[in-house]
Amino acid sequence: MTLIATAPPRVVDRRSARAFVDTHVVPYADDYDRSGRVPEDLLRQVAAAGLWAPFLPPESGGAGMDLVTLGEVHEEVGRGCSSLRSLLTVHTMVAWTVQRWGTPAQRERWAPALAAGDALGAFCLSEPGAGSDTAGITTTAAARGDGWVLNGVKKWTTGGQRADLFLVFARTATSIGAFLVPREAPGVEVRPIDDMLGTRASMLAEISFRDVALGPDALLGPSGFTAGMVLTGTLDLGRYSVAAGSVGIVQACLEASAAYAAERRVGGKALAELPLIQAKLSDMVTDARAARLLLAEAGRLKDAGESGTLMATWIAKYFASTAAVRHAAEAVQIHGANGCSPDYPVARLYRDAKVMEIIEGSNEIQRITIAGQAERETTS
């Protein structure tokens, strides 16, 4: 008898996202972590579920999903596997940027493929000597004729081993420009980066660009406009997704810890009956709900087009990522030696959580930004 695989149902809300994750992700996430990559079969299932870019409008192949719902979906994916959520994050950043700032021709060429998962996107900003600081960018895009020549190296590119389209930020003669670079362009070289602390299956890579010739249609957004509007909006959406994934980590820690505490017995009592364990679980519940509310507020402001969403996202990402680190450590503590073994997911959650405090703007930068905004508000 021949078995015919059926496509998963389309994900349209938190409930359907949770069902997808529980079926296709949670049982295998530790295997992905050990192998260092998300398998092609899962990438195809993500595409069949419509998860790659559901926020794109229907005419571009998306579902027109609002950003509050997108945050809930990314939370559920982050609950199952931070590596997969990381791939969704960078793909979301590329797809959103093409839709928001692309010309009609750029949108026609790339948006449907990005929505369908036929082309996977990756975000190239960080370099060996520079992170989110655009002043440190050394990759250059030199005007040649009516096109561009790209030279430089980008590092820590999530999904870089697998991506088909790179969104590359490079220094032009007058500013920072954003460029759409197909993987197959001559001069593009991809070097895998393996054995990272966390999000080990996110297929990180170092991308080298050596005299990569690009046409005039590679430039995304008006030249000279990129460092401000394009990069700010793209990074903001990335932080929003990371905040959502961090909420997912807290929720995963809670679920794993509550289940373990109910089963594990010490001195004839279940761990869940011990006051200190109850305190840890109650803190997880409280912070998960608080982080979820902060995320929802940031999403609501995005959907309303309000500028306050930038600060709301900083706050949500800062709170959720620090909560993820704190509660992942407590989850390991509740599991004891088992929490340090590969047999329980909390070891992976512990490693993944730390990454959340670093990516899309370190928590130190976020604290400075949040404090600066508070000062401006109180002195204005």
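What follows is a walk through some ring pairs, a helix and one glutamine.

## Rings that pair up

Keep in mind that this is a predicted model. Searching the whole structure turns up four aromatic pairs. One of them is Phe-123 with Phe-169: the ring centres sit 5.4 Å apart and the planes meet at 65°, so this pair is edge-to-face. Phe-123 belongs to strand E1 (residues 121–124) and Phe-169 to strand E4 (residues 165–171), so the pair ties together parts that are 46 residues apart in sequence. Both Phe-123 and Phe-169 are buried.

Trp-148 and Phe-179 make another edge-to-face aromatic pair, with 5.2 Å from centre to centre and 70° between the planes. Here Trp-148 comes from strand E3 (residues 147–157) and Phe-179 from strand E5 (residues 176–182), so parts 31 residues apart in sequence are tied together. How buried are these two? Trp-148 counts as buried at 15% relative accessibility, because the cut-off for buried is under 20%. Phe-179 counts as buried too, at 0%.

## Arginines over tryptophans

Rings also turn up with arginines. Arg-100 lies over the face of Trp-101, 4.0 Å from the ring centre. Likewise, Arg-239 lies over the face of Trp-314, and there the distance to the ring centre is 3.8 Å.

## Helix H4

Now for a helix. H4 covers residues 67–80, which makes 14 residues. From its first C-alpha to its last, H4 reaches 20 Å, close to the 20 Å expected at 1.5 Å a residue.

Is H4 enclosed or open? Of its 14 residues, 12 are buried, so H4 is largely enclosed by the rest of the structure. The buried residues include Leu-67, Leu-70, Val-73 and Val-77, and also His-74, Glu-75, Glu-76 and Arg-79.

Gln-251 sits in helix H7 (residues 226–263). With a relative accessible area of 15%, Gln-251 is buried.

Which residues does Gln-251 touch, leaving aside its neighbours within four places in sequence? Its contacts are Glu-75, Arg-79, Ala-288 and Arg-292. With Arg-292, the Gln-251 side chain makes a polar contact, side chain to side chain, at 3.0 Å.

Key. Residues numbered from 1 in each chain as written. Predicted model: local features only at pLDDT ≥ 70, side-chain atom pairs only at ≥ 80, totals over all residues. Heavy atoms only, no water. Phe/Tyr/Trp six-rings, centres within 6.5 Å; stacked < 30°, edge-to-face > 60°. Helix = DSSP H or I, 4+ residues; strand = E, 2+ residues; numbered from the N terminus. Buried < 20%, exposed > 50% of the residue type's maximum accessible area, 1.4 Å probe, protein only. Lys NZ or Arg CZ within 6 Å of the ring centre and 35° of its normal. Expected span 1.5 Å × (residues − 1). Polar contact = N/O pair within 3.5 Å; in protein donor to acceptor, adjacent residues only side chain to side chain. Contact = heavy atoms within 4.5 Å.
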